[in-house]
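Let's explore a protein structure together, one question at a time. Have a look at it first, and then we'll work through some of its details.

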Amino acid sequence: MTISASTAPKKQHLIDPEICIRCNTCEATCPVGAVTHDDTNYVVDVEKCNYCMDCISPCPTGSIDNWRTVAPGRVYSLQEQLGWTELPKQEELSEADTAAMEALEAEVGALLADAHKGSGGKAVAPASAAKPSVNLFSRAKPLTAVVQGNFRITAASSESDIRHIVLGYGDQQFPVLEGQSIGVVLPGVRADGKPHDIRLYSIASARDGEKRNGNNLSLTIKRSAGGVGSNYMCELKVGDKINITGPFGSTFLMPNDINANIIMICTGTGSAPFRAFTERRRRAMEGAGGKLVMYFGARTPEELPYFGPLQKVPQSLLEKHLVYSRLPGQPKEYVQDRMRKHGPALTKLLRDGGTHVFICGLRGMEAGVDEALSDICRAAGLDWNALKPDMRSSGRYHVETY
Amino acid sequence: MTTPTSPPAGAVDYSTKIPNNINLADDSRVLKALEQWHPGYIDWWMTMGPEGFQTSDVYLRTAISIDPKGWAKFDYVKMPEYRWGILLAPQDESRLVNFGASKGEKAWQEVPGEHRAALRRLVVIQGDTEPASVEQQRHLGTTAPSLYDMRNLFQVNVEEGRHLWAMVYLLHKYFGKDGREEADGLLQRRSGDADKPRMLGAFNETTPDWLSFFMFTFFTDRDGKMQLESLAQSGFDPMSRTCRFMLTEEAHHMFVGETGVSRAIERTCEAMKGAGIEDPYDINKVRALGVIDLPTIQKKANLHFSLSLDLFGSEISTNAANFYNGGLKGRYMETKIEDDHALTNAKYPVLKFVDGQIRMVEEPALTALNMRLRDDYVKDCQGGVNRWNKVIEKAGIKFALTLPSVAFHRHIGEFKDVKVSPDGKLLSETDWAKLRDQWIPSIDDGAFIESLMQPCWDRGKYAGWISAPKVGIDNKGGDFEYVKIHRA
C-alpha cells in the first residue's frame with residue numbers, strides 16, 4: 001500500500017470553541033504564527049501549523065488539544081473555524097483514507113494495517129480510549145531520543161535474549177497512549193543502497209512515562225539472529241542517540257473506562273502493550289471495577305519476558321495465567337489450552353458489554369486463540385462468529401500480530 | 001569555593017532555595033535578600049494562606065522550565081512545599097522601548113533614575129494585589145463543591161503567591177533599601193484590615209462563597225491580566241519579562257472563573273428544564289431545586305464587574321499619561337496597534353459625567369489611557385458573557401446575562417458621586433435605595449447562596465449547584481483525586 005502525500009489524509013489541529021476561554025496564550029506561544037483569532041474564536045491555520053506542540057501544555061483549558069483527520073481537499077479553512085460554535089464531528093472517511101489513518105506515513109500505515117488484519121475487519125478504537133496523537137515525527141523529521149536503559153529481561157541461561165529498552169526524550173513532547181507503537185529509523189543503508197525500512201515497536205510503558213513524568217518510554221525487544229533492527233536495538237548503550245518516529249496507532253488502545261474488563265492474550269514481546277495497560281491501571285485507576293486478565297505464553301519461565309517483575313504484580317490488579325510450552329517433563333501447553341480450561345469464567349466476561357479482548361504476539365497464535373474462543377462460546381450457547389464482529393465494530397476486539 | 005554553573009537557557013535552577021531561571025546563584029546579594037524574605041513569606045502563607053489544607057496533597061502544576069513544553073509539570077504537592085520561584089520570560093537582546101518619549105531606544109536593563117519612583121509604585125501596587133486575593137479566598141477550601149474545584153482554587157492561590165515573589169524579586173533586585181521595605185510591607189498589609197488594608201478597594205472585599213470566587217477570578221483577575229499585559233509592554237525589560245511569564249499563569253485564573261460561572265449556569269438551566277420551569281424569574285421555584293437562579297447570578301456579575309472597573313482608576317489620569325510617556329506602562333497589545341505610539345495629538349472618547357448628564361467627551365488620548373485599558377477590559381469581559389449566554393440559549397431558556405453600564409455602582413472616577421442603574425440611567429438617592437437589591441446581591445441572596453455551599457469531596461462528585469467540567473486538569477479522568485485531603 002502506498003499513499004502519496006497529496007492523496008493522504010491530514011491530521012488537522014483545531015481548538016474547541018466551547019472550552020476555549022480566548023486567553024491568547026496559544027497565539028502568544030506559537031513560534032510560527034499559526035494561531036490567530038477574531039472577536040469570537042481562536043483558530044489554527046492548517047497551512048502554517050507544524051505540529052511542534054508548543055501550544056499544548058500552556059493552554060489552561062485543554063481546548064487546544066483537538067485533532068481531526070481530514071480527507072485531502074477537506075481541511076477546515078480559517079473562515080470555517082471562525083464561524084464555529086462547536087467542533088465538527090470526525091467525518092467518516094472513505095476506505096482508502098481510513099487505511100492511511102492509523103499512521104499518516106505510508107510505510108508505517110502498511111505495517112500497522114498488516115498487524116491488525118487478524119481482527120478480520122475494520123479496526124475501531126475502544127469507545128472510552130483517549131484521543132491518540134499520531135505521526136508527530138516522521139522519517140524525514142524524526143525525534144532524537146536518548147537511551148536511558150537497556151536491560152535483559154530473560155534469564156541469562158536462556159537462548160532468548162529479550163531486552164527492556166528505555167528511551168528518554170528530554171524536554172521534547174512525544175505524547176503516547178498505551179497500545180501505541182513507535183518507529184525506529186535505523187542508521188545506514190541496505191545492501192541495495194536504499195534506507196532500511198522503519199521498524200515498528202509497541203510501547204511497554206504507560207502514557208506518563210516508564211518513570212512517572214519522566215518524559216520517557218520503554219520497549220520490549222527480542223534479538224533475532226541476523227536481524228538488523230533487533231540487533232541494533234539490543235546493542236544500544238545508555239547515552240546512545242536514536243531517531244524515532246510516531247507515535248502510531250489509533251485503534252489498538254487501552255480503554256479508559258475503569259469498569260472495562262480487559263482480556264489480554266499474548267506471547268513473548270507481544271506482552272509489551274499489556275505491561276503498559278497494567279501499569280496505567282495501577283497508576284491512575286486505583287480501585288477500578290473492571291478486571292484485567294492476562295494469558296501469557298512462553299516456552300519456559302526463563303524465556304518469559306518480565307517473569308520476575310510479573311510475580312510481584314498482585315492478583316487483585318492483574319489475573320495472570322502464565323503458560324509454558326516447553327517445560328521439561330510436562331505436556332506442551334499453549335495460551336489457547338489454558339483458556340479452554342477457563343471456559344465459564346471467560347464466557348461470563350464475554351457476555352459483559354464492557355469486556356475487551358486484545359491479542360498481541362506472533363501471528364501463529366491467532367488461529368489457535370480464535371478456535372478456542374469459538375469452542376468456549378459454543379459450549380456456553382454463544383455464537384463467536386456473531387459476537388466477534390459485534391465486539392470489533394464496537395472497539396472491543398483487537399488483534400496486533402506479526 | 002566553587003563557581004556555580006549556569007543552567008541552560010530557559011531551565012529552572014532548583015539548586016538554590018528559590019527556584020529561578022535568572023542565575024540567582026551568581027547574584028549573591030539578591031539571593032541573600034530573598035532568602036531573608038523567605039521565612040516571612042512562609043509565615044504569611046501559613047497564617048493567611050488556605051485554611052485547613054496545608055497538609056493536603058494537591059495535584060498542582062509547577063514550572064520546571066519557561067519553555068512552553070516544560071513549564072507545566074503536574075504532581076501532588078503540599079502547598080507549603082510548593083516551589084515558589086522567580087521566572088522571567090527569555091530575554092530578547094534586540095528588544096526596544098516601543099512607546100512614549102524614549103521610543104526606539106534599547107529596552108532598559110536597569111531602572112532609569114528619573115523613573116525610579118514611578119516604577120516602584122507600579123510594582124508595589126501590582127504586588128499588593130497578589131497576596132490580597134489569597135487572603136480573600138482562604139476560607140473557601142472548606143466549602144469546595146468538588147475536589148476538582150478545590151484543586152483549582154489552590155492552584156490559583158499558589159500562583160498568586162508566585163506572582164508576589166515575582167514582584168518582590170523586582171523590588172529587591174532594582175530598588176535597593178526602599179525596595180526591601182516595600183517587599184516587607186507586602187507581607188504586613190491584610191485584606192479587609194481596618195488599620196493596614198490592602199491598597200486597592202476590590203482587594204479588601206470579602207469572597208464569601210464560590211460563586212463570588214468564580215466571579216472574582218473572571219472579573220477581578222481579568223483586571224490583573226490587563227494590567228500585566230500593559231506592564232509586559234514596559235521599556236524596563238525585567239518588568240516586561242516578569243509580567244509576560246505571569247500572564248501565562250494568569251490565563252489559568254481566567255479559565256477557573258469563566259468555566260466556574262458557566263458550570264453554575266449550566267446546572268441551573270439543567271435543573272430548570274428537568275423541573276419544567278420556563279420562567280427564569282420564578283426565583284423561589286428555581287431556588288427550591290438547590291441551584292442558583294439566573295437573576296441572582298446577574299446580580300453577582302453586576303457587583304464584581306463594577307468593583308473591578310474601579311481598579312482601573314480615574315478615567316482621566318496624568319499618572320497614566322506619565323507612565324506611558326516614560327515608557328513604563330503601555331497599552332493593551334501595544335505592539336499590535338498601528339499608530340505613532342506617542343499619542344502626542346491623538347484624542348480618545350471618554351464616558352463622563354458632565355452638566356448632570358452621562359455622555360462621551362473627546363479627551364487627549366494620553367490622559368485617557370486608563371479609560372482605554374478599561375474599554376479593552378470590558379470587551380474582553382463581554383466575550384465571556386456571550387459564551388455564558390450560549391449555555392443558557394442552548395438550554396432553551398429565555399434569559400441573557402448582560403454587563404451593566406460602566407457608570408453603575410462606581411466608587412472611583414467620573415461616576416463615584418452619582419447613582420446610575422445598570423442600563424445607564426441616572427437615579428435619585430431614594431430610587432437607588434429602593435432598587436439597589438434588584439441589582440446587587442441582597443443579604444437574603446447571600447444567605448441563600450451560602451446555604452448551598454456544602455462541601456462535596458467525594459472523587460468525581462460535584463455539589464448540586466454546579467455541573468461537572470467538560471474536561472479534567474492535565475487530561476485526568478472525572479474521578480481523579482485532585483486533592484488528597486488527609487484531615488484529622
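Helices (H or I, at least four residues) and strands (E, at least two) are DSSP runs, numbered from the N terminus. This is a predicted model, in which local features need pLDDT of at least 70, side-chain atom pairs count only at pLDDT 80 or more, and totals for chains, interfaces and linings use all residues. Residues are numbered from 1 along each chain as its sequence is written, while chains are lettered from A and ligands numbered from 1 in the order in which they are written.

Q: In which strand of chain A does A:Pro247 lie?
A: The peptide bond from A:Gly246 to A:Pro247 is cis, with omega near -5 degrees. In general, most peptide bonds are trans. As for its place, A:Pro247 belongs to residues 241–248 of chain A, which form strand E10.

Q: Is A:Asn135 buried or exposed?
A: A residue is buried if 20 or more other C-beta atoms lie within 10 Å of its own, exposed if 12 or fewer, and partly exposed in between, with C-beta atoms placed from the backbone. A:Asn135 sits in the loop between helix H4 (106–116) and strand E5 (143–152) of chain A, and its phi is near 60 degrees, a positive value in a residue other than glycine. Because A:Asn135 has 24 C-beta neighbours inside 10 Å, it counts as buried.

Q: How does B:Met333 count, and with how many C-beta neighbours inside 10 Å?
A: B:Met333 is also not a glycine, and it has a positive phi of about 55 degrees. You can find B:Met333 in the loop between helix H9 (318–325) and strand E3 (347–354) of chain B. B:Met333 counts as partly exposed because its C-beta neighbours inside 10 Å number 13.

Q: What is the strand order of the open sheet of 5 strands in chain A?
A: Two strands pair if DSSP finds at least two bridges between them. With parallel pairing, the open sheet runs in the order E13-E12-E11-E14-E15.

Q: Which strands are the edge strands of this sheet?
A: An edge strand here pairs on one side only.

Q: How many of the 5 residues of E15(A) are buried?
A: Look at the two faces of E15(A) in turn. A:Tyr397, A:Val399 and A:Thr401 are buried on one side, and A:His398 and A:Glu400 are buried on the other. One of these, A:His398, is the bridge partner of A:Phe358. E15(A) is largely enclosed by the rest of the structure, because the buried count is 5 of the 5.

Q: Why are the buried residues of helix H9 of chain A on the same side, and what arc do they cover?
A: In H9(A), residues 343–350, the buried residues are A:Leu346, A:Thr347 and A:Leu350. The arc is that of the directions from the helix axis to the C-beta atoms. These residues lie on the same side of H9(A) because they cover an arc of only 95 degrees.

Q: Which element of chain B gives the most to the side that touches chain A?
A: Two residues are in contact if their C-beta atoms, placed from the backbone, lie within 7 Å. The contact between the chains takes 21 residues from chain B and 21 residues from chain A. Strand E2 (73–78), helix H6 (237–275) and helix H10 (369–394) of chain B each supply at least two residues to that side of chain B. With 6 residues, the one that gives the most is H6(B).
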